[in-house]
Amino acid sequence: MFETRDLCWLTKEVQSPGISTWYIDHSKDSPFLTTMEREMPLLFEGISYSNKPEASIVFSIIEETALNQDGYRIEQATQGYEVVSNSHEGLLFGMFGLYRLLLTGDDVTFPYQSVPDQNIRMVNHWDNFDGSIERGYAGSSIFYDQNTFRGDMELIGQYARLLASVGLNAISINNVNVHKLESFFIKEESLKEIKKIVEIFSSYGIKTFLSINFAAPMIVGNLTTADPLSLEVETWWKEVIGEIYRIIPNFGGFLVKADSEGEPGPFTYGRNHDEGANMLAKAIKPFGGLVIWRCFVYDCTQDWRDRNLDRARAAYDIFKDLDGRFEDNAILQIKNGPIDFQIREPVSPLFGSMKKTNHILEFQITQEYTGHQKDVCYLIPMWKEVLDFDTKYDGKSLVKSAVRKNSPNQSNSGIAAVVNVGMDRNWTGNKLAQANLYGYGRLIWNNELSSQEIAEEWTKLTFDLEKPHLDKICSILTTSRDTYEDYTCPLSVGFMCRPSLHYGPDVDGYEYDKWGTYHYADRDGVGRDRTIATGTGYTKQYSKERCEEYDCISTCPDELLLFFHHVLYTHVLHSGKTVIQHIYDTHFQGVERVLEYQVIWDGLKEFIEEEAYENVKERLIQQEKHAVNWRDQVNTYFYRKSGIPDEKGRRIFD
Ligand code: GCW
């Protein structure tokens with residue numbers, strides 16, 4: 001397995017005659033020593049361990065508050081490099097940091113100090129025990145197969161090193177929709193298997209979490225209720241948690257999706273979400289565990305006829321008033337936008353407004369609504385926009401700092417994302433989708449990195465190419481989010497994709513359905529009115545300044561217009577174009593861009609190793625078909641509705 005699997009950005013070895021030995025000060029017991037002993041020769045060609053501190057690379061534990069828990073500093077020493085940190089985790093991250101710098105950092109200056117901007121840096125798996133992955137596009141689960149634990153520990157080991165190499169430190173290993181069999185993961189038989197997985201991740205400094213079923217007391221424990229305020233339920237969970245920690249003392253905790261899309265939760269018992277989360281948090285606290293509670297709670301059985309209901313409002317309506325009522329080891333996990341990982345959405349209004357509750361921001365690396373890892377869609381630009389978004393509370397409050405600062409226990413705050421890997425040999429289906437996993441880790445560790453810098457790092461580590469060729473790949477990556485947006489949903493109107501599948505166009509697919517995602521296109525105009533005066537009042541969930549900006553049609557940014565307003569097709573955008581012309585232009589442009597990507601990629605044929613070349617080539621062909629389909633359906637739909645022709649006279653089907 002080890003030879004045949006694509007090792008992504010860890011394929012190369014640092015080759016330097018000056019680097020021949022390494023040394024770690026293990027006067028303090030290091031749980032990571034074995035890991036580093038295994039890693040160092042994989043990362044640095046011909047290196048061997050020396051038991052003398054005069055080695056080419058020296059790892060030392062120091063005490064320096066500024067480096068925090070996981071941070072490190074690399075100093076240039078006469079014989080090579082010294083990596084220092086407060087913790088062994090930090091040294092491990094520093095080892096991967098030094099490797100990266102030596103391979104990519106042409107103009108790096110030493111000492112190089114790196115301290116993560118976010119404390120919890122997590123990936124969430126939506127893997128099911130049967131081996132399928134909800135919204136997975138890279139083959140089946142690396143953990144499970146046909147209701148058994150796959151047991152390929154070497155593969156899990158490779159995955160752990162990939163995650164640690166980009167600075168991640170937490171993982172949840174099963175789907176948040178916890179089906180029958182997975183509900184029993186909290187029992188001894190499964191825990192013994194899970195322990196083996198936990199051990200591997202923990203040897204790379206990564207904490208493992210399980211998604212649990214809120215109704216487990218009934219499903220697993222045969223109780224008649226799962227009411228969080230029932231003593232019987234509380235006692236049951238305490239026993240279960242005691243058992244988990246007896247078997248897995250370094251277990252991370254629980255991730256919970258409750259009262260959402262059919263999952264059980266406290267609402268069933270007339271209880272609130274703080275009551276649900278706190279019951280679990282109190283039970284797990286003595287063991288140092290965490291409860292991560294998702295805010296993706298909304299009514300998915302809406303009546304499309306009722307225009308007063310607005311799914312976008314749900315998370316804020318449910319959670320804002322609970323601010324300050326959660327235990328110190330409970331964390332709310334909030335999706336980046338108010339609806340659901342669309343190619344463009346405004347930032348969730350909970351950021352900045354919630355000030356007394358630990359929180360985690362949730363992204364989606366797996367490309368559910370962004371092209372299923374067939375289409376290239378580099379997501380770092382989108383995530384950066386979210387992190388850099390100024391919520392405008394108290395003057396200025398950027399999401400990236402609000403997540404931490406507004407969490408009373410800052411070590412219990414951070415970022416999580418639904419991950420994109422599976423059994424495909426290259427992990428992510430589309431080779432270029434590796435850049436999203438790599439970039440996610442890098443960006444949430446260092447929120448200041450640019451999309452361009454991350455793309456450059458990834459391409460340098462991944463391919464053996466001259467700069468002009470690397471630049472070409474970067475040019476595909478860094479424009480691909482805009483391209484995807486161009487040929488899919490215009491101006492943040494959202495959805496318009498095929499129901500359930502979420503790939504390919506179906507403009508009215510969700511329009512008369514129960515899911516609460518409507519565009520309201522008619523013969524005159526399109527968009528959801530979320531204003532205070534005439535709409536759902538969602539704009540009021542933002543800070544005063546943001547509310548005014550979004551509420552007013554003349555100040556609302558173009559790219560968010562249809563999320564907040566219902567406008568005429570003839571409405572003129574800030575760009576100077578009418579809405580209808582914008583729709584036509586972007587859809588033609590999106591397809592053009594994909595054709596350009598094909599030309600660029602073809603030009604790289606002789607320089608890229610065949611498997612990777614063919615992999616992306618094949619997908620770019622699919623992407624073209626996909627883009628053409630979107631273009632023609634969206635353009636035709638709006639042409640038929642509006643009767644307004646394209647001013648450039650291009651072919652639109654009528
Ligand atoms: O985006 C939606 C997906 C569901 C997913 C849900 C969630 C795991 O379509 O498949 O369920 O979000 O985030 O819980």
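User: In which loop is Pro-111 found?

Analyst: This is a predicted model, and in it a cis peptide bond joins Phe-110 and Pro-111, with omega at about -5°. Most peptide bonds are trans. As for its place in the chain, Pro-111 is found in the loop between α2 (88-104) and β6.

User: What is the strand order of the open sheet of 6 strands, and which strands stand at its edges?

Analyst: The open sheet has mixed pairing, and its order is β2-β1-β3-β5-β4-β6. Because β2 (48-49) and β6 (112-114) each have a single partner strand, one side of each is left without a neighbour in the sheet, and the edge strands are therefore β2 and β6.

User: How many bridges join β3 to β5, and which residue is the bridge partner of Ile-57?

Analyst: Strands of a sheet pair through backbone hydrogen bonds, either parallel or antiparallel. Strand β3 (residues 57-61) and strand β5 (residues 80-85) run parallel, and 5 bridges join them. Within β5, the bridge partner of Ile-57 is Tyr-81.

User: Which strands are joined to β11 in parallel, and how many of the residues of β11 are buried?

Analyst: Strand β10 (residues 170-172) runs parallel to β11 and is joined to it by 3 bridges, with Ile-171 and Thr-208 as bridge partners. Strand β12 (residues 253-256) also runs parallel to β11, through 4 bridges, and here Ile-212 stands opposite Val-256. The strands asked for are thus β10 and β12, while β11 (residues 207-212) is mostly covered, the number of buried residues being 5 of 6.

User: Which residues are around the ligand, and how many of the shell are charged?

Analyst: The residues around the ligand are Trp-126, Glu-134, Arg-135, Val-176, Asn-177, Lys-257, Phe-296, Asp-340, Phe-341 and Glu-368. Sorted by class, this shell has 4 nonpolar residues and 1 polar residue, and the number of charged residues is 5.

User: Asn-147 and Asp-259 have a positive phi; is each of them buried or exposed?

Analyst: Most residues other than glycine have a negative phi. Phi of Asn-147, in the loop between β8 (144-145) and β9 (148-149), is near 60°, whereas phi of Asp-259, in the loop between β12 and α8 (273-284), is near 55°. Around Asn-147 there are 11 other C-beta atoms within 10 Å, and because a residue with 12 or fewer counts as exposed, Asn-147 is exposed. Asp-259 has 22 C-beta neighbours inside 10 Å, and since 20 or more is the cut-off for burial, Asp-259 is buried.

User: What do the buried residues of helix α10 pack against?

Analyst: In α10 (residues 380-388), the buried residues are Ile-380, Pro-381, Met-382, Trp-383, Val-386 and Leu-387. Their packing partners include one strand, β15 (359-364), and the helices α11 (399-405), α12 (434-445), α13 (451-462) and α14 (467-487).

User: Which residues does Asp-529 contact, leaving aside its neighbours within four places in sequence?

Analyst: Asp-529 lies in the loop between β17 (525-526) and α15 (544-551), and with 18 C-beta neighbours inside 10 Å it counts as partly exposed. Leaving aside its neighbours within four places in sequence, the contacts of Asp-529 are Thr-534, Gly-535, His-565 and His-566.

Terms used: Residues numbered from 1 in each chain as written. Predicted model: local features only at pLDDT ≥ 70, side-chain atom pairs only at ≥ 80, totals over all residues. Pairing = 2+ DSSP bridges. Helix = DSSP H or I, 4+ residues; strand = E, 2+ residues; numbered from the N terminus. Near = placed C-beta within 6 Å. Nonpolar A, V, L, I, M, F, W, Y, C, P; charged D, E, K, R; others polar. Contact = placed C-beta atoms within 7 Å.
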